[in-house]
Amino acid sequence: MKTLPQFLKKYFWDVDFSKLDKEIYASFIIERILEEGDEKAVKWMRDNFDLNQIKNVLYKSKNLSSKSANYWQFIFNLKRDKILCLRKSFQKKQRLIWKY
């Protein structure tokens, strides 16, 4: 089992941290660090996951905020229309679900 370093525990408050295997739950871990991580967490992510794997999570994630997705789209120089959570059709669907 490929466990995570202890300093990342604060980002996984809602799951059993001791059972997070970085190979099995790679997408979940990357997604959470993209959304919540600080510089140290992002450095660890970039050192431990392939850049294509990180970009793939960014393209397919439905859980990233538009603010985070915009930031990472700029950092990785990605096409905006390829990122699922930045597509207008996806954003409209989100609003329908969460009527406040």
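Q: Which residues of helix 4 are buried?
A: In this predicted model, helix 4 covers residues 66-75, and S68, A69, W72 and Q73 are buried there. To be called buried, a residue must have under 20% relative accessible area.

Q: What makes the buried residues of helix 4 line one face of the helix?
A: Looking down the axis of helix 4, its buried residues fall within an arc of 135 degrees, so they line one face. The face turned away from that buried side carries K67 and F74, which are exposed.

Q: What do the buried residues of helix 4 pack against?
A: They pack against helix 1 (26-36), helix 2 (39-48) and helix 3 (51-60). Packing here rests on contact, which means heavy atoms within 4.5 Å. Just after helix 4, N77 takes a positive phi of about 55 degrees.

Q: Why is Y71 called partly exposed?
A: Y71 is found in helix 4. Its relative accessibility is 47%. Buried needs under 20% and exposed needs over 50%, with partly exposed in between, so Y71 counts as partly exposed.

Q: Which residues make the nonpolar surface patch of about 360 Å²?
A: The patch is made by Y71, F74 and I75.

Q: Why is R32 called buried?
A: R32 lies in helix 1. Its relative accessible area is 13%. The cut-off for buried is under 20%, so R32 is buried. R32 touches Y11, F12, W13, D14 and G37, leaving aside residues up to four places away in sequence.

Q: How do you know that D14 forms a salt bridge with R32?
A: The closest N and O atoms of D14 and R32 are 3.0 Å apart. The rule asks for a side-chain nitrogen of Lys or Arg within 4 Å of a carboxyl oxygen of Asp or Glu, so this pair is a salt bridge.

Q: Why does the pair of D14 and R32 tie together parts that are apart in sequence?
A: D14 lies in the segment before helix 1 and R32 lies in helix 1, so the pair ties together parts that are 18 residues apart in sequence. The two partners fall into separate classes: D14 is partly exposed, with a relative accessible area of 45%, whereas R32 is buried at 13%.

Q: What makes the pair of D16 and K19 a salt bridge?
A: The closest N and O atoms of D16 and K19 are 3.8 Å apart. That value is within the 4 Å limit, so the pair counts as a salt bridge. D16 is partly exposed, with a relative accessible area of 41%. K19 has 57% and is exposed.

Q: Why are D47 and K43 separated by about one helical turn?
A: D47 and K43 are four residues apart in helix 2, and therefore about one helical turn separates them. Their side chains meet in a salt bridge, with 2.8 Å from N to O.

Q: What makes D47 count as exposed?
A: D47 has 53% relative accessibility. Exposed means over 50%, so D47 counts as exposed. K43, with 52%, is exposed by that cut-off too.

Q: How many salt bridges are there by this rule?
A: The count comes to four. Among them are the bridge of D14 with R32 and the bridge of D16 with K19.

Q: Which residues of the largest nonpolar core touch the most other members?
A: They are L8, L34 and M45, in a core of 27 residues. Helix 1, helix 2, helix 3 and helix 4 are the elements that give two or more residues to this core. Helix 1 supplies the largest share, five residues. M45 touches I30, I33, L34 and I54, not counting residues up to four places away in sequence. In soluble globular proteins, nonpolar side chains tend to be buried together.

Q: What pattern does the protein chain follow along the sequence?
A: The pattern is α-α-α-α-α. The protein chain has five helices and zero strands. Of its 100 residues, 37% count as buried. The chain exposes about 7100 Å², and carbon and sulfur atoms supply 50% of that area. Among contacts between residues at least 6 apart in sequence, 38% join residues at least 24 apart.

Notes: Residues are numbered from 1 along each chain as its sequence is written. This is a predicted model: local features need pLDDT of at least 70, side-chain atom pairs count only at pLDDT 80 or more; totals for chains, interfaces and linings use all residues. Side-chain values use heavy atoms; hydrogens and water are left out. Buried means under 20% relative accessible area, exposed over 50%, partly exposed in between (1.4 Å probe, protein chains only). The arc is that of the directions from the helix axis to the C-beta atoms. Patches are made of residues with over 30% relative accessible area and no salt bridge: like charges are joined within 9 Å, nonpolar side chains (Val, Leu, Ile, Met, Phe, Trp, Tyr) within 5 Å. Accessible areas come from the Shrake-Rupley method with a 1.4 Å probe; for residues, only the protein chains shown count as cover. A nonpolar core is a set of buried Ala, Val, Leu, Ile, Met, Phe, Trp, Tyr and Cys residues joined through side-chain atoms within 4.5 Å.
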